[in-house]
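This report goes through a protein model, from its confidence and recorded annotations to its charged pairs and backbone details. Please read it beside the sequence and the structure shown here.

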Amino acid sequence: SHPTTLLIPKARGGRTQCAVYLLLALCATALYLAGEPLVPTARSLAFHFGALQIGALLKGICYLAEEIFHLQSRHHGSFWRALRACFPLCWHGPMLLICGSAYVALLDGHGQPLILRLSLASLCQLLILALGLHKPSAVEISEMSERSKQNVAHGLAWSYYVGYLRIVLPRVKKSMEEFIRANPNRLACRETWKLHILVPLSCDVYDDLEKADSNIQYLTDLTETTLTRAGTKKRVYKHSLYAIKDEDKKLWHCAVEYATPLQSLYAMSQDECAAFSREDRLEQAKLFYRTLEEILKGSKECAGTYRLIVYEEPGEAETHFLSREILWHLRQQHHEEYAMYEGNHTHTPSTTLNSSELDLQISESDMPQPLRSDC
């Protein structure tokens, strides 16, 4: 695989949950080895659980104080929907009731009064909310966004696929075939009869590929596809064919274009209103590539019609960096075609001999025999 693909993050696994279970086992073991009496330990455990549920309850009350002013616009005028949005009652409510009951049942009458303990627990939880210590970390936010498919990159990838790639990719092969009839020597390798989609992680998209790299030369446009889309009559979709010059001055031909949604990511990072940093742009560009790859892999109608070329531009400007990236993928495709041809040749020979024919052709005598076995 290309070294650049190592930069693309894979989906997060379940290691976080495994770490939770491991630490839980370690804490339980430490409590057991400490040899503390069971009743005080259970009472303390119930109180700590109750304090956590009180914190969730107080946080919900604080959020509800804002949401009641948005009932019509956000919750369709339903106070119950706003209440459910602020309080996950299906879990925290029963837990608070169970922990409170367990603590009262185990109370021995000594120590601080229950009201004082609850007041102290509430004070601590409110201080946590006031200081902002309850806010999730950057990793938690990233994981929640990825799991819920609510990142900017997810929307851009799906829009790019539904509004463009799903329309044009199934027609790429036909356009290539029509071009080959008129130019039989241009695209010799069938494996390169694809739309090569450039995905620069910097989101720096050139409108003219010839200006980006002088080794890339425009040849012609493939056959246009005309459709009526979203109220526009005879909307035209087409792809441009380019000649890529390698180190030996040999020309390689392919259809190349940028993934246009990257322009949106770049523009967002340049606009202060979007509050989109360069780090956010890089993260979303990687997620865009991963999401688009997953979508296209699951699309049967687009299979074998595309090639995603993701790359990270070097720190120092290189004159022919882009052409080398494209050439690497073209050579890979040539190699794939050659390997497939070899595999088919070895597994399906033109003449296959069965065991009876082999027996007839093997002589048990040392004397010369006729070449034909039916003599």
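Over residues 18-34 the chain is 100% helix and 0% strand, with 25 Å between the end C-alpha atoms. Residues 46-65 are likewise 100% helix and 0% strand, and there the end C-alpha atoms are 29 Å apart. An unreviewed UniProt entry lists both ranges, together with residues 86-107, under "transmembrane region"; UniProt positions follow the numbering used here, feature names are shortened, and such annotations may be inferred rather than shown by experiment. Helices (H or I, at least four residues) and strands (E, at least two) are DSSP runs numbered from the N terminus.

## Basis and confidence of the model

This is a predicted model, in which local features need pLDDT of at least 70 and side-chain atom pairs count only at pLDDT 80 or more, while totals for chains, interfaces and linings use all residues. Residues are numbered from 1 along each chain as its sequence is written, and side-chain values use heavy atoms, with hydrogens and water left out.

The mean pLDDT (the predictor's confidence in each residue, from 0 to 100) is 78 for the protein, and 77% of its residues reach 70 or more. Confidence is highest in strand S1 (residues 195-200), at a mean of 94, and lowest in helix H14 (residues 355-361), at 39. The pLDDT is below 50 over residues 345-368, a stretch that has five contacts in the model beyond near neighbours in sequence, a contact being heavy atoms within 4.5 Å. Over residues 370-375 the pLDDT is again below 50, and this stretch has two contacts beyond near neighbours in sequence.

## Salt bridges

How many salt bridges does a search of the whole structure find? The search finds five, a salt bridge being a side-chain nitrogen of Lys or Arg within 4 Å of a carboxyl oxygen of Asp or Glu. One of them joins lysine 238 and aspartate 221, at 3.2 Å from N to O. This pair links distant parts of the chain, 17 residues apart, with lysine 238 in the loop between strand S4 (232-237) and strand S5 (240-245) and aspartate 221 in strand S2 (residues 216-221). Lysine 238 is partly exposed at 41% relative accessibility, and aspartate 221 is also partly exposed, at 26%; buried means under 20% relative accessible area, exposed over 50%, and partly exposed in between (1.4 Å probe, protein chains only).

Another salt bridge, also at 3.2 Å from N to O, is formed by the side chains of glutamate 247 and arginine 331. Because glutamate 247 lies in the loop between S5 and strand S6 (251-258) and arginine 331 in helix H13 (residues 321-347), the pair ties together parts that are 84 residues apart in sequence. Glutamate 247 is exposed at 52% relative accessibility, whereas arginine 331 is partly exposed at 33%. In helix H12 (residues 278-297), glutamate 293 and lysine 297 are four residues apart, so about one helical turn separates them. Salt bridges that share partners join Asp246, Glu247 and Arg331 into one network.

## Positive phi angles

Histidine 76 is not a glycine, yet its phi is positive, at about 55°. Histidine 76 occurs in the loop between helix H3 (71-75) and helix H4 (79-86), and is exposed at 60% relative accessibility.

Alanine 230 also has a positive phi, of about 50°, although it is not a glycine. Alanine 230 is part of the loop between strand S3 (225-229) and S4, and its 80% relative accessibility makes it exposed.
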